[in-house]
Amino acid sequence: MLNELLHILYLILGTILVCAFGILFGLLTKGIDRKLAAHMQWRIGPPIIQPFRDVKKLFCKENIVPTNAVAWLYNAAPLICLAATVSILLYIPLGSIPPILRGYGDVILVLYLLTIPSLALVAGGFASGSPFASVGAQREMVLMMSYELPLATTVIALGWKISTLYPHEKAFSLVTFARHPVWNIMGPFGIIGTVILLIVMLLVTTGEITKVPFDIAEAETEIAEGLLVEYSGRNLGLFYLADAVKTVVMSSLIVTLFFPYNLSPYLSSCLSLPGIVWNAIDFLFFLVKIEIVVFFAMTFIRVSVARFKVDQVVKFYWGHLTLAALIALIFIAIDILLR
């Protein structure tokens, strides 16, 4: 009985800490992204702490519900979006720190959870009663359906390889991915396929967090913020927090799938430090890897490329990226057959 109570307490405290980490580090990441993007465009840009100020301002403002809105759904959508996004972090290892909900799910569950924030955005857009938001909701659905296939193909390809080498382990568990880095188990053909899948995943991440050139659902110059045009105050602040956390979630997922390496296994032989210190070092290294992924998946791309049209987004994901992911799957299949 005592062990069960301690386990429940561990889950509660762990969830609170992971939630705080996702929100605070997500806002910090948004600030770093905006600062880097500004310097790349020869601008000074806002201070790194500007996202924290934005959230504070939004939560201090009046929360307005449009007259024609479906009030309960309009107000529930931001909460669902944030809660679903934060819950994904509970399944992702943070450096050498195991996930809070290890053993309760895998990367397939994460893929399902990733659709909930998008669906919440769509529901909120339709519930607002605005024609601009309705157009944005339709675009969000198109975007969501476009990147799902290459994302699923990436996960299946990597999980298939792990399942052939470690049949007695959970092939699609994120803990298994972290324990067996894909670069260590691939042959020459598999390495080629993995590089392709990494590029696919980086571009899918840009679409998942709806940044330029895939921000067709918000497109300020076309549909006046689209999905979020009627949102204000606390509700808009919750969507802002969900976007920040989702940036951390997608970057953490890439790090876990492709770069789950920690410093402690390589440095512990020459440095004698307590385990908690090594956990802290690995965690900080994990944060550095997240920032690097964010730079290539979000900052660099949105500075370099203009917004796509809706048909261009569909063609890019269903055509180019899906084809690339299938080619990578073939390379990994050849690697499996040869070994």
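Student: What should I know about the model before we start?
Tutor: Residues are numbered from 1 along each chain as its sequence is written, and side-chain values use heavy atoms, with hydrogens and water left out. Since this is a predicted model, local features need pLDDT of at least 70 and side-chain atom pairs count only at pLDDT 80 or more, while totals for chains, interfaces and linings use all residues.

Student: How do the axes of H3 and H4 run, roughly parallel or roughly antiparallel?
Tutor: Helices here are DSSP runs (H or I, at least four residues; strands are E, at least two), numbered from the N terminus. Axes are lines fitted to C-alpha atoms, for helices over the stretch in contact, with angles from 0 to 180 degrees between N-to-C directions. The axes of H3 (residues 71-89) and H4 (residues 107-127) come within 8 Å and cross at roughly 165 degrees. That angle makes the pair (under 35 degrees is roughly parallel, over 145 roughly antiparallel, 65 to 115 roughly perpendicular, the rest oblique) roughly antiparallel.

Student: How many charged residues are in the contact of H3 with H4?
Tutor: Contact means heavy atoms within 4.5 Å, and the residues that meet include Leu-73, Tyr-74 and Ile-80 in H3 and Val-110, Leu-113 and Pro-117 in H4. For classes, Ala, Val, Leu, Ile, Met, Phe, Trp, Tyr, Cys and Pro count as nonpolar, Asp, Glu, Lys and Arg as charged, and the others, Gly among them, as polar. The contact of H3 with H4 has 15 nonpolar, three polar and no charged.

Student: And how is H1 set against H12, oblique or roughly parallel?
Tutor: The axes of H1 (residues 2-40) and H12 come within 10 Å and cross at roughly 45 degrees. That makes H1, relative to H12, oblique.

Student: How many charged residues does the contact of H1 with H12 have?
Tutor: Among the residues that meet are Asp-33 and Arg-34 in H1, and Glu-291 and Arg-302 in H12. The contact of H1 with H12 divides into 14 nonpolar, two polar and, for charged residues, four.

Student: Which helix gives the most to the lining of the largest pocket?
Tutor: On a 1 Å grid over the protein atoms alone, a pocket is an open set with protein on both sides within 12 Å along at least five of seven lines, a cavity is a set of points where a 1.4 Å probe fits but cannot get out, and lining residues have an atom within 4 Å of a point. The largest pocket has a volume of about 840 Å³, and of its 31 lining residues, the closest to its centre are Lys-30, Lys-211, Glu-218, Tyr-240 and Asp-243. H1, H3, H4, H10 and H12 each supply at least two lining residues. With six residues, the one that gives the most is H10.

Student: How many charged residues line the second largest pocket?
Tutor: That pocket holds about 280 Å³ of space, and H1 gives the most to its lining, with six residues. The lining has 13 nonpolar, one polar and no charged residues.

Student: Which elements give two or more residues to the lining of the largest cavity?
Tutor: The whole structure has two cavities of 30 Å³ or more, and the largest holds about 60 Å³. Its lining includes Val-255, Thr-256, Phe-286 and Lys-289. The elements in question are H10 (233-258) and H12 (275-304).

Methods. Points joined across faces, edges and corners; volume = space filled by probe spheres on them.
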